Amino acid sequence: MGKLVVCDHPLIQHKLTHIRDKNTNTKDFRDLVDEVATLMAYEITRDVPLQSIPVETPVTEAEGKVISGRMLGLIPVLRAGLGMVDGMLKLIPSAKVGHIGLFRHPDTLEPVEYYVNLPSDATERMLIVIDPMLATGGSACAAIETLKQRGCAQIKLMCLIAAPEGVAAVHQAHPDVDIYIAALDEKLDDHGYIVPGLGDAGDRMYGTK
């Protein structure tokens, strides 16, 4: 079973409180999400493999560590996932970025894929699916399945806030995928919104309703 990692660093929790606040304006909301994404990137890259290389310091020769093999791939789920990409790229600028577009079918309420664009070497990279909200888990499960159908096997999921229902859905459908979140909230309401949550991440990030 994949693990659930709650990134509870004080700076993340401080910023997340302001993200939740309904009075936080669009610019500040976007900036805070960007900052939290950078901080969460430290945790999600903690187990990236290293290799030793020689390095010459101003004093002597030494042994240093660098990341082994190919770097990461960031896969935001459109559109809200885009708001977390730049924050991660500040820390890992060599990561490649792909995109998955999904919308909810008005009749079945199931996620429907409308756009996929992945790095050419996606199958060789550790891919991080990025979606701020893990509510029912439908979109996250569909995005992960899209990657697996294209031969990608190294996948993690990164969200700001998750509901227990969404975590359970992802772990049931994809038990090999680890989930990294900033907070595990109480539940979903009757409309599928996370409680207490932060509202619609995409609308608050881009100032739309």
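The legends below describe close-up views of a predicted model.

**View 1. The cis peptide bond between Leu-78 and Arg-79.** Leu-78 and Arg-79 are joined by a peptide bond in the cis form, with omega at about 0°. Arg-79 belongs to the loop that runs between strand S4 (72-78) and helix H3 (85-91). Most peptide bonds are trans.

**View 2. The cis peptide bond between Val-195 and Pro-196.** Here omega is about 0° for the bond joining Val-195 to Pro-196. Pro-196 sits in the loop between strand S13 (194-195) and helix H6 (201-206).

**View 3. Cys-7 and its closest cysteine sulfur, in Cys-159.** The structure has 0 disulfides. A disulfide is a covalent bond between the sulfur atoms of two cysteines. For Cys-7, the closest cysteine sulfur is in Cys-159 at 11 Å, so the two are too far apart for a bond; the cut-off for a disulfide is 2.5 Å. Cys-7 is buried, as its relative accessible area is 5%.

**View 4. Cys-159 and its nearest cysteine sulfur, in Cys-141.** Cys-159 takes part in no disulfide, and the sulfur of Cys-141 is 11 Å away. With a relative accessible area of 1%, Cys-159 is buried.

**View 5. A nonpolar surface patch of Leu-4, Val-6 and Leu-184.** Together these three residues, Leu-4, Val-6 and Leu-184, have about 210 Å² of accessible area. Leu-4 is part of strand S1, which covers residues 4-6. Leu-4 counts as partly exposed because its relative accessibility is 33%, and partly exposed residues fall between the 20% limit for buried and the 50% limit for exposed.

Methods:
Residues are numbered from 1 along each chain as its sequence is written. This is a predicted model: local features need pLDDT of at least 70, side-chain atom pairs count only at pLDDT 80 or more; totals for chains, interfaces and linings use all residues. Side-chain values use heavy atoms; hydrogens and water are left out. Helices (H or I, at least four residues) and strands (E, at least two) are DSSP runs, numbered from the N terminus. Buried means under 20% relative accessible area, exposed over 50%, partly exposed in between (1.4 Å probe, protein chains only). Patches are made of residues with over 30% relative accessible area and no salt bridge: like charges are joined within 9 Å, nonpolar side chains (Val, Leu, Ile, Met, Phe, Trp, Tyr) within 5 Å. Accessible areas come from the Shrake-Rupley method with a 1.4 Å probe; for residues, only the protein chains shown count as cover. A salt bridge is a side-chain nitrogen of Lys or Arg within 4 Å of a carboxyl oxygen of Asp or Glu.
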